[in-house]
Amino acid sequence: MSGRLTYTTAGESHGACLIAQVEGLPSGFEIPIETANDMLRLRQGGYGRGGRQKIEKDTLDILTGVLRGRTIGSPLAIRIANRDSRIDEAPPVHRPRPGHADLAGAYKWQTDDCRPVLERASARETAARTAAGAIAKGLLREFGIEAAGFVVQLGGVNADIPADLPLDELVKRRDASAVYCPDEAVEKKMKSEIDGAKRAGDTVGGIFEVRVTGLPIGLGSCFRRQDRLDTRLAAAVMGIQAVKGVEIGMGFGAAARRGSEVHDEILYDEADRDTPNRGIQRSSNNAGGLEGGMTNGQPLVVRGAKKPISTLRKRLRSIDLTTKQAEDSSYERSDICALPAASIIAEAVVCFEVANAFLEKYGGDTLDETRARYEAGR
Ligand code: EPS
């Protein structure tokens, strides 16, 4: 990804560790260790997770870029250890799982063993993304910007989450929910959806949402497609393993409606002029906080649709890549549902893109400089 703030990851699911390298942070910023470890813990959890998460205890280990707990502006290298690091003992996989990277990867890298492909394709890698995003989340907090990811639909069970629910209340409800859903009324149904899939040897997906509040107007740009914040958010959320759809605000729902039912009318309230939205009020937030690829002062609302996990105990029809004979797809330890985890990963990657756009607008080599520019912009 391009921009002022970038990250790359390295590491395999059962290799020694996962690595994230974050570049472009201002100096003098205190690493949000607690926030990052909380997010890593949440990413490991959620009803429907498999046995791997009982083995691992993901925590942040910062190797470079820090002096006495604060950034010095140089690249940050983060390490998350894998306790289950038996990559060389892991068995070969000759029967690709429909829906996984197995088949295309085996052809691409010219192997009849999908193991080297799946080790990197695995969503275990999202621990590194979550760590990078948590750093960005800590930076946004310095400027009163808060974010939360949560589950809005699991399998066929829909939640009802008011658009104006304060973010801290939303987080409180999410954190009290086994399925990371802030609507207590549907938690039982969501859990039984997972239980039902488990009994059937099947898996289940759903939809997560990320909301971001406290945003200034004008992050992103309408001048170049690569600078549009919606371009970047869509790529970041779509890039999460197993995500097959992304929408912003009303998203696909806007397609069948008329303009007057979609666009958020513009109002002004003098009493609100010192808030980040400069007194601008909107009659609704169907745009999900973005117009012309730029933040408009309203909360950002991004959703992603996650397909069910492709490792099924029930098995699907496949072939053996060595013989080309029909065989059932391979199975190894996996999750029944990783949607709650995906909501946290999405929160992380959205924070990263927002922080990138924030630093592009306000810049600064040091946190103080960024703050001064932000204040001047207000
Ligand atoms: C994951 C760890 C993995 C899987 C999951 C994500 O653990 P295991 O060692 O049991 O494979 O639970 O990986 C996948 C969904 C996948 O497609 O490979 C994690 O830490 O998130």
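# Loops, sheets and burial

Colleague: Where is the place of R68?

Modeller: R68 sits in the loop between β4 (66-67) and β5 (70-71). The model is a predicted one.

Colleague: Why does R68 count as exposed?

Modeller: The term exposed requires a relative accessible area over 50%. R68 has 78% relative accessibility, so it counts as exposed.

Colleague: What makes the phi of R68 worth a remark?

Modeller: Most residues other than glycine have a negative phi. R68 is not a glycine, yet its phi is positive, at about 45°.

Colleague: Why is R278 put in its accessibility class?

Modeller: Under 20% would be buried and over 50% exposed, with partly exposed in between. The relative accessible area of R278 is 33%, so R278 is called partly exposed.

Colleague: Which residue takes a positive phi in the hairpin of β7 and β8?

Modeller: G155, with a phi near 55°. The hairpin has two residues between its strands.

Colleague: How many bridges join β7 to strand β9?

Modeller: Eight, and β7 runs antiparallel to β9 (residues 206-213). V151 has F208 in β9 as its bridge partner.

Colleague: Why is β7 described as largely enclosed?

Modeller: Seven of its nine residues are buried, so the rest of the structure largely encloses β7. Buried here stands for a relative accessible area under 20%.

Colleague: In what order do the five strands of the open sheet that holds β7 lie?

Modeller: The order is β8-β7-β9-β15-β10, with antiparallel pairing.

Colleague: What makes β8 and β10 edge strands?

Modeller: Each of them, β8 (157-158) and β10 (243-248), pairs on one side only.

Colleague: Which strands form the open sheet of four?

Modeller: In order, β1-β2-β6-β3, again with antiparallel pairing. The edge strands are β1 (6-11) and β3 (61-62), each of which pairs on one side only. Strands of a sheet pair through backbone hydrogen bonds.

Colleague: How do you know that β1 and β2 pair?

Modeller: At least two bridges are required, and six join β1 to strand β2 (residues 17-23), which run antiparallel. T6 has E23 in β2 as its bridge partner. The two strands form a hairpin with five residues between them.

Colleague: How many bridges join β2 to β6?

Modeller: Six, and β2 and β6 run antiparallel. V22 stands opposite L76 in β6.

Colleague: What share of contacts between residues at least 6 apart in sequence joins residues at least 24 apart?

Modeller: In this chain, 72%.

Colleague: Why does the radius of gyration agree with a compact globule?

Modeller: For 378 residues, a compact globule would have a radius near 21 Å, and the chain has 21 Å, so the values agree. The C-alpha atoms fill a box of roughly 70 × 50 × 40 Å along the principal axes.

Colleague: How many helices and strands does the chain contain?

Modeller: There are 11 helices and 17 strands. Of the 378 residues, 49% are buried. The chain exposes about 17400 Å², and carbon and sulfur atoms supply 50% of that area.

Colleague: How far apart are the centres of the positive and negative side chains?

Modeller: They lie 3 Å apart, with 53 side chains in each set.

How values were computed: Residues numbered from 1 in each chain as written. Predicted model: local features only at pLDDT ≥ 70, side-chain atom pairs only at ≥ 80, totals over all residues. Heavy atoms only, no water. Rg over C-alpha atoms; globule rule 2.2 N^0.38 Å. Buried < 20%, exposed > 50% of the residue type's maximum accessible area, 1.4 Å probe, protein only. Contact = heavy atoms within 4.5 Å. Areas by Shrake-Rupley, 256 points an atom, 1.4 Å probe, with all protein chains shown as cover. Lys, Arg positive; Asp, Glu negative; His and termini not counted. Charge placed at Lys NZ, Arg CZ, Asp CG, Glu CD.
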